[in-house]
Amino acid sequence: MPLLSFEDLDLGHGAQVVLPQLSLSFEAGEHVALLGQSGAGKSTLLSEIRRRLASQAAWCPQGHGLVPLLSVYHNVYMGRLERHSALANLLNLLHPNRQAWPVVEALCDELGLEGLIRRPVAALSGGQRQRVAIARALYQARHVFLGDEPFASVDPHQALRLLEHIKRRHETSIVALHQHRLALQEFDRVIGLRDGGVILDAPTRKLDIAHLDALYPDAAQTEAGSETSSQARIGAS
Amino acid sequence: MSAAPGWLRGDSPGLTLARRTLALVAICIVLLPLADLRLLTADPWTELGRMLQGLVWPAWGALESPFNAIALTVSVALWGTFLGAMLGFPLALIFHRSRWVRGFCAFVRAIHELFWALLFLQVFGLSAVTALAALTIPYAGIFAKVYAEILELTPRGPRDALPHGTGRTSRFLYAELPLVWGRLASYTRYRFECGLRASVLLGFVGLPTLGFYLESAFREGRFGEAGALLWLFYGLIASLHWWGHRRLLPLLMLAALFWLGPLPDVDGALLWRFVSQDLWPAPLLAGDVAGLGAWLASIPDLLPAIGNTLLLALMGTVGSLVVALLLWPLASRHFAGPGVGGRLQRSLGRLALVMLRSTPELMLAFIFLLLLGPSMLPAWLALSLHNGALIAFLVARHADGLSLGMPDLNASGRYAYELLPRLYPNLLALICYRAEVILRETALLGMLGIATLGFYIDSSFEYLMFDQALFLLLITAGLNMLVDAVSRRFRPRDVPLDEPCT
């Protein structure tokens, strides 16, 4: 029994189809990496998955989607906004909820945000914001983790540690990313998108770096080259 | 080889704007002979000399209880702005969904604060309620519009990141309001500064704010005292960031309640009579349609008044444009010389612009009127200088944010080739935004005796012909909404306005 499956589906925004005639299925319990260059349709696919799984899935969006003026605590708390009444949420803005505070604090400590829980997100570095976005997704406490480039602003070593936290708390995960080595070492399956279609869908044990580099138009790039270029792209954006 | 194009030929955006501007200026020049621009005083220079003397040597000793006037001015501005924001915010939330709300807001902000004051004066007398209502009502309309525009530009990222099933209220509180809070607050702050100016103006209808003492000092030729009051007002505006600090505001608001004093006694029967009978033409209440025609015909000089109002607004707009084009280099770093002299020159330029824009336009017109006599000339000067300086200040700030590609050009080259092409779309957009404000002020200047709509509104109130006053107010509001629609069409599109200055 698959968690989710698509049959011959056209995906896109409005009339513009990005991924025509897509057929894919996802099993519960597997960790899937989505690869492909920017604009290949990873975000489109993820938002459709998110729409279908609705409240089964925790969501960590591209570009963090944090509120700079609010504290780290409030940003993480937003992961469970729908589980409290509007009045409780309003009061929580004025005085933090007693039950939520220790849970959020423990989560932040675990992700390396010790002592930052009261600080406004506007005052954090890019890497720290990334962790807050992940903390907010973990705080949702769902079975499935959906992430759109959740490791874009951290170095490979930190990405590995964050991914371990995510996998410990989620039975299933579907994550778009650019770090090829991480995809090969830590995920069960890789789906590669290019030119509006799935050109690679295989268990990671059958893959090596050369397969993944073929997803990029400039296929001659070495792994090191593609890592730097993705880092450079993040730096520029 | 192709021939060089003729004058103003071409499709570049700069040329399009230049053609539009020149057309506007041409219309203004063609219509100029219709305006009454006579110089009616024999010797304006002596009078001007005495005024300047008063400004340079203010007679501080002559002031009687200036603290009361300042306290009332600030109290009215604080509570008027606060109540306006409280009413405007909920309206902003439904602004884009209801045509009725948009129409209502356009209407209430189309009538100047002083006209609202004249209306409420009939019911609440010279009391704080009149003053507060006069500020609160138009400000509610302005806040609704501007807040709605700010809310519309809320970044969507955080909202899309919220879990499924989040309620509307929670979404608004967490993922929308905090993102625009800074801009809402800074606009409210700006509006408070406008509120201070409006509160001063309320003195012109008799409420004892700073304007009341200013008017009588000027009218009676006590220029030393007037100078002292003006410096007090500039000081108040210049130190706003200091005494108007966020943490002090609650305290100030509490203290303000004391200065606003007790509520006036309102006779319910009189109020009802005013609203149900006095404000409406008698033939209309009697259902007499033929009589309505006669009533309409009895209003003196309606069409000339409308014509004068529109003409003066056009002249004021074009005048502001010219003044802004001439004055902005005064406050810009690109035109200041090197070293201490340059810095001094720029500071003086800034000070002059700040003084021109801080002086309420009615005050400015009043001063010019004393100098030049009651024609359209003083009104034109006041409108052009006040609004032109305000826009010049914003343009100079915009210019200081730009860096030059060819820093070695001479001043005229820098002005015409480097900076103006980049600044002009924004400048013209600001002027178009301002046209509506200028029209509202034009009507208001009638209160000084210039034959615009405001003159007839003021005299209708004076003769207790409230039906006529209301009718003229409605005409003024209608004109304002019309000009707003026209200028929105005329203004350059896709210009990011970094300053919500209207």
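Where does α8(B) bend, and which residue follows within four residues? Let's start there, hello everyone. Helix α8 of chain B bends by about 55 degrees at B:Leu177, and the residue that follows within four residues is a proline, B:Pro178. Please keep in mind throughout that this is a predicted model.

A straight helix of 34 residues would span 50 Å at 1.5 Å a residue, yet α8(B) spans only 42 Å between its end C-alpha atoms.

Chain B brings 18 residues to the contact and chain A brings 20. On the chain B side, α7 (157–161) and α8 (168–201) each supply at least two residues. The largest share of that side, 8 residues, comes from α8(B), our bent helix. Sorted by class, the side of chain B that touches chain A has 10 nonpolar, 7 polar and 1 charged residues.

Now over to chain A, and its sheet. What is the order of the strands? Reading across, it goes β4-β5-β6-β3-β7-β8. That is an open sheet of 6 strands, with mixed pairing. Because β4 (57–60) and β8 stand at the edges with a single partner strand each, one side of each is left without a neighbour in the sheet. On average, neighbouring strands are turned by 15 degrees against each other, direction ignored.

At one of them, β4(A) pairs with β5(A), residues 144–148, in the parallel sense over 4 bridges. Here A:Ala58 stands opposite A:Phe145 in β5(A). Helix α5(A) packs on the sheet at this place, touching β4 and β5 of chain A, and its direction makes about 170 degrees with that of β4(A).

A:Leu193 stands opposite A:Val198 in β8(A). The hairpin of these strands has 2 residues between them, and A:Asp195 takes a positive phi near 50 degrees there.

My last stop is α5(A) again, this time with another helix beside it. Helix α5 (residues 126–139) and helix α6 (residues 156–169) of chain A pack at an angle of about 5 degrees, their axes 11 Å apart. That angle makes α5(A) roughly parallel to α6(A). Which residues of α5(A) meet α6(A)? They are A:Gly127, A:Ile134 and A:Leu138, and across from them in α6(A) are A:Gln158, A:Leu162, A:His165, A:Ile166 and A:Arg169.

Conventions
Residues are numbered from 1 along each chain as its sequence is written. Chains are lettered from A and ligands numbered from 1 in the order in which they are written. This is a predicted model: local features need pLDDT of at least 70, side-chain atom pairs count only at pLDDT 80 or more; totals for chains, interfaces and linings use all residues. Axes are lines fitted to C-alpha atoms, for helices over the stretch in contact, and angles run from 0 to 180 degrees between N-to-C directions. Angles under 35 degrees count as roughly parallel, over 145 as roughly antiparallel, 65 to 115 as roughly perpendicular and the rest as oblique. Two residues are in contact if their C-beta atoms, placed from the backbone, lie within 7 Å. Ala, Val, Leu, Ile, Met, Phe, Trp, Tyr, Cys and Pro count as nonpolar, Asp, Glu, Lys and Arg as charged, and the others, Gly among them, as polar. Two strands pair if DSSP finds at least two bridges between them. The expected span of a helix is 1.5 Å times one less than its number of residues. The bend at a residue is the angle between axes fitted to the seven residues ending there and the seven starting there.
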